[in-house]
Amino acid sequence: MGEAGVDVGLGVDAEQGGGGRGGHRHGPTDRRAAPAAPADFRAVRPGTRTRRRNWFDMDHPTPDAAITSLSALREAEAACTRCPLYRDATRVVPGEGPAHARLMMVGEQPGDQEDLSGRPFVGPAGQVLDRAILEAGIDRKTVFVTNAVKHFKWEPRGKRRLHKKPNAHEIERCRWWNDIERALVRPQLVVALGATAAASLLGRSVTIGRVRGELLTGRDGEPVVVTIHPSYLLRLREKADKEREYARFVADLKACAARLRQAA
Ligand code: SF4
């Protein structure tokens with residue numbers, strides 16, 4: 001076990017993600033009609049577009065100031081059709097945690113269980129993350145957890161739905177929502193869990209091994225630390241590898257907790 005629990009969030013006005021729009025499971029050929037988007041959540045003020053330099057810098061408007069709460073954000077996310085992934089997912093999976101958490105963790109995308117429940121990090125990788133957070137001495141209830149991409153991307157394999165990595169376009173399109181999440185929650189530290197989250201937050205592709213644990217600056221100026229996604233640990237076959245990499249992961253999270261203590 002780690003140190004005594006560190007409260008890294010205010011935890012007094014928590015807004016928990018509630019699952020978004022309900023829905024049914026759909027196969028890849030069962031295309032739903034696009035739901036109507038809210039009238040104003042995509043409004044773009046003049047002068048907020050940036051010049052295209054590469055796919056990360058594609059024209060991307062500043063998130064609309066009309067979304068002023070996490071509940072309004074969840075509502076807008078549930079109606080999102082900014083990329084095709086909403087068609088085959090059961091429901092959107094919004095971020096979840098205290099409204100003003102000091103620590104935000106961003107994963108890649110929801111998995112099968114998250115897609116069915118509408119909550120982030122409730123599947124096997126989420127259980128690994130919960131354990132690592134605990135062992136790092138962080139109070140899990142004070143952490144805002146979310147994903148870079150809010151709908152589950154998958155492909156059929158028999159009766160199973162296998163995770164499929166989101167592409168650059170989908171990551172870029174969905175960045176809109178995490179931009180708003182960060183603007184609302186205003187975390188003091190954002191942890192990118194894996195390469196997809198790192199790319200979304202930093203605006204460039206990075207090699208995890210090269211930047212792991214460093215204090216980086218996100219595209220909006222926020223402090224970002226990159227580490228592995230907990231699903232990586234599930235894919236390791238050798239017990240010794242699992243133990244070594246899990247210990248490194250916990251050490252990364254401990255270092256994040258220490259940074260927050262210093263900043264308090
Ligand atoms: S993955 Fe993101 S951008 Fe694509 S439809 Fe879902 S919420 Fe919208």
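A: Start at a turn. In the hairpin of β6 and β7, five residues lie between the strands, and Gly 221 takes a positive phi near 95 degrees. This is a predicted model.

First, the β6 side. Three bridges join β6 to β7, and the two run antiparallel. Leu 215 stands opposite Val 225 of β7.

Next, the β5 side. Strand β5 covers residues 189–193, and β7 covers residues 223–227. Four bridges link them, and here the strands run parallel. Val 190 stands opposite Val 224 in β7. Leu 193 has Thr 227 as its bridge partner in β7.

How much of β7 is buried? Four of its five residues are, so the strand counts as mostly covered. The cut-off behind that is 20 or more other C-beta atoms within 10 Å of a residue's own.

Now the sheet. Five strands form an open sheet, ordered β2-β1-β5-β7-β6, with mixed pairing. The edges are β2 (143–147) and β6 (215–217), each of which pairs on one side only. From one strand to the next, the twist averages 30 degrees. In this order β7 sits between β5 and β6. As a general rule, side chains in a regular strand alternate between the two faces of the sheet.

The largest nonpolar core has 57 residues, and Leu 103, Val 106, Val 191 and Ala 192 touch the most other members. Helix α4 gives the most to this core, with seven residues. Val 106 shows how the pieces meet. Leaving out residues up to four places away in sequence, Val 106 touches Val 190, Val 191, Ala 192 and Leu 193, among others. Its contacts also include Thr 146, Asn 147 and Ala 148. Asn 178, Ala 197 and Leu 201 complete the list.

Helix α4 leads on to the ligand. Spanning residues 168–185, α4 gives the most to the shell around the ligand, with four residues. In total, 15 residues surround the ligand. The closest are Cys 80, Arg 82, Cys 83, His 151 and Cys 174. By class, the shell holds eight nonpolar, two polar and five charged residues.

Helix α1 spans residues 70–78, and its buried residues are Leu 70, Leu 73, Arg 74, Ala 76, Glu 77 and Ala 78. An α-helix has 3.6 residues a turn, so residues three or four places apart point the same way.

Strand β3 (residues 154–157) and strand β4 (residues 160–163) run antiparallel and are joined by four bridges. Glu 155 has Leu 162 as its bridge partner in β4. Two residues lie between β3 and β4, and Gly 158 in that turn has a positive phi of about 65 degrees. At the hairpin of β6 and β7, Gly 221 also has a positive phi, near 95 degrees.

Last, the whole chain. It has eight helices and seven strands. Of its 264 residues, 41% are buried. Among contacts with a separation of 6 or more, 75% come from residues 24 or more positions apart.

How values were computed. Residues numbered from 1 in each chain as written. Predicted model: local features only at pLDDT ≥ 70, side-chain atom pairs only at ≥ 80, totals over all residues. Near = placed C-beta within 6 Å. Nonpolar A, V, L, I, M, F, W, Y, C, P; charged D, E, K, R; others polar. Core = buried A, V, L, I, M, F, W, Y, C linked by C-beta atoms within 7 Å. Buried ≥ 20, exposed ≤ 12 C-beta atoms within 10 Å, placed from the backbone. Contact = placed C-beta atoms within 7 Å. Pairing = 2+ DSSP bridges. Axes fitted to C-alpha atoms, helices over the stretch in contact; angles between N-to-C directions.
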